[in-house]
Amino acid sequence: MKKYLQEFLLAILAGLAIAVGSVVFLTLSSEGLGAKIVGSLMFTVGLYTIVLNGLFLYTGKIGYLVNEKPSYLLTLLATWLGNFAGTFLGAKMMSLTKFGPALTEVASKVSAAKVEQSILSAFILSIFCGMLMFIAVDGYKECKNPIILLLCVSVFILCGFEHCVANMFYFSMGNIWSLKVIGYLLIMTVGNSLGGMLIPFVKKVVKK
């Protein structure tokens with residue numbers, strides 16, 4: 001039990017790190033294409049903070065389920081819940097600052113677009129995001145080069161792929177929670193999960 005509590009706390013910190021990256025992106029995303037590109041690159045500070053400090057991010061952990069024991073599912077659950085708590089906390093803290101109203105307005109527009117698309121669209125975009133997140137995290141483990149984080153994160157943002165943890169922050173900051181939004185978040189989580197496991201699964205099958 002202590003192990004999962006520790007993972008939950010590390011996941012909260014990861015959620016806060018993603019919140020920071022999301023704030024940067026929201027601040028710049030409405031200022032034109034150039035600013036949006038810069039915002040997508042700056043978002044990487046969140047993932048870089050996570051990998052440098054060994055924090056727990058769901059989309060960075062799910063791919064390893066392929067080669068882990070069933071008990072790893074509890075780690076993933078603790079991670080997902082911790083990420084949710086961290087992003088929610090980050091959003092509520094930002095809402096109390098002088099930037100709160102402007103961020104809420106932008107986040108609500110971003111969030112609305114995410115839940116107005118079809119479920120199939122959200123699912124497919126989440127799969128591609130999951131793939132990129134696994135490539136980013138596993139690639140950094142292999143080569144310790146932050147450029148792979150920068151490229152993968154900026155690409156998934158500029159392509160409009162769906163990242164369940166980032167969306168936890170956007171939905172919380174935009175204050176648009178409803179049963180429909182929760183449903184979309186779960187669909188995005190499943191898509192991220194399948195995308196994250198795709199590469200390690202195929203490699204495992206080919207190896208066998």
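Me: In which hand does α3 pass α8, right-handed or left-handed?

Reply: Bearing in mind that this is a predicted model, the hand is read from the way the near helix is turned relative to the far one, clockwise giving a right-handed crossing. Here α3 passes α8 in a right-handed crossing.

Me: At what angle do helix α3 and α8 pack, and how far apart are their axes?

Reply: Helix α3, residues 44-53, packs with α8 at an angle of about 135 degrees, and their axes are 9 Å apart. Angles over 145 degrees count as roughly antiparallel and those from 65 to 115 as roughly perpendicular, and α3 and α8 are therefore oblique to each other.

Me: Which residues of α3 and α8 meet?

Reply: From α3 come Thr 44, Leu 47, Tyr 48 and Val 51, which meet Leu 149, Leu 150 and Val 153 of α8. By class, the residues of this contact between α3 and α8 divide into six nonpolar, one polar and no charged.

Me: What is phi near at Asn 175, and is Asn 175 buried or exposed?

Reply: Phi of Asn 175 is near 55 degrees, again a positive value in a residue other than glycine. Asn 175 lies in the loop between α9 (164-174) and α10 (179-207), and with a relative accessible area of 56% Asn 175 is exposed, the cut-off for that word being over 50%.

Note on methods
Residues are numbered from 1 along each chain as its sequence is written. This is a predicted model: local features need pLDDT of at least 70, side-chain atom pairs count only at pLDDT 80 or more; totals for chains, interfaces and linings use all residues. Side-chain values use heavy atoms; hydrogens and water are left out. Helices (H or I, at least four residues) and strands (E, at least two) are DSSP runs, numbered from the N terminus. Buried means under 20% relative accessible area, exposed over 50%, partly exposed in between (1.4 Å probe, protein chains only). Axes are lines fitted to C-alpha atoms, for helices over the stretch in contact, and angles run from 0 to 180 degrees between N-to-C directions. Angles under 35 degrees count as roughly parallel, over 145 as roughly antiparallel, 65 to 115 as roughly perpendicular and the rest as oblique. Contact means heavy atoms within 4.5 Å. Ala, Val, Leu, Ile, Met, Phe, Trp, Tyr, Cys and Pro count as nonpolar, Asp, Glu, Lys and Arg as charged, and the others, Gly among them, as polar.
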